[in-house]
Amino acid sequence: MEDAANKGAIIHTSKVDEKQGHFIAPAILSNVTDDMLCMQEETFGPIAPVSTFKTDQEAIDRANNTNFGLAAYVYTESLNRAVAYTDGLEYGIVGINDSAPSTAQAPFGGMKESGIGREGGHYGMDEYLEVKYVSMQLGQ
């Protein structure tokens, strides 16, 4: 987050009672640009960098402009848009209107530098394929 703050991002955090334990407070970063580390690294932490886009293709291109590809999340009411994002995103897991698409029986793994192969089910045998799992909830 320090890199993002130094480059102009605004950090929004929740209040943390330090007497309750040791952890990193969840944070939303606004005013984020693609040159910030949080947009280039595979961050495993409670941060959500937020940036805007003008077209769906721009969003897909920017999301794919990283060496990593474990999971991506898309929220939409449009089935056509959901399919376009699912097809375009270079991620091993895509959650459509689903913030927790991973389950034990589904293939788990990423693309690019986020891993080769999958855990779960018979996909553990398919070391040379790129499998994409899509979870979609409709009618909310």
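The chat below goes through the fold, the sheet and a surface patch.

Modeller: This is a predicted model, in which local features need pLDDT of at least 70, side-chain atom pairs count only at pLDDT 80 or more, and totals for chains, interfaces and linings use all residues. Residues are numbered from 1 along each chain as its sequence is written, and side-chain values use heavy atoms, with hydrogens and water left out.

Biologist: How many helices and strands does the protein have?

Modeller: There are 3 helices and 6 strands. Helices (H or I, at least four residues) and strands (E, at least two) are DSSP runs, numbered from the N terminus. Along the sequence the pattern reads α-β-β-β-α-β-α-β-β.

Biologist: What box do the C-alpha atoms fill?

Modeller: Roughly 45 × 40 × 35 Å, taken along the principal axes.

Biologist: Which strands form the open sheet, and in what order?

Modeller: The order is β4-β5-β6, with parallel pairing. Two strands pair if DSSP finds at least two bridges between them. The edge strands, β4 (71–74) and β6, each pair on one side only. From one strand to the next, the twist averages 15°; axes are lines fitted to C-alpha atoms, and angles run from 0 to 180 degrees between N-to-C directions.

Biologist: How many bridges join β4 to β5?

Modeller: 4, and β5 covers residues 93–96. One of the bridge partners in β5 is Ile93, which pairs with Ala71.

Biologist: Switching to the surface. Which residues make the nonpolar patch?

Modeller: Leu79, Val83, Val134, Met136 and Leu138 make a patch of about 410 Å². The elements giving two or more residues to this patch are α3 (79–88) and β6 (133–136).

Biologist: Is Leu79 buried, partly exposed or exposed?

Modeller: Leu79, in helix α3, is partly exposed at 47% relative accessible area. Buried means under 20%, exposed over 50%, and partly exposed in between.

Biologist: And what about Ala84?

Modeller: Ala84 also lies in helix α3 and is partly exposed, at 39%. Its C-alpha atom is separated by 23 Å from that of Thr103, 19 residues apart along the chain.

Biologist: What share of the protein is buried?

Modeller: Buried residues are 29% of the 140.

Terms used. Patches are made of residues with over 30% relative accessible area and no salt bridge: like charges are joined within 9 Å, nonpolar side chains (Val, Leu, Ile, Met, Phe, Trp, Tyr) within 5 Å. Accessible areas come from the Shrake-Rupley method with a 1.4 Å probe; for residues, only the protein chains shown count as cover. A salt bridge is a side-chain nitrogen of Lys or Arg within 4 Å of a carboxyl oxygen of Asp or Glu. Buried means under 20% relative accessible area, exposed over 50%, partly exposed in between (1.4 Å probe, protein chains only).
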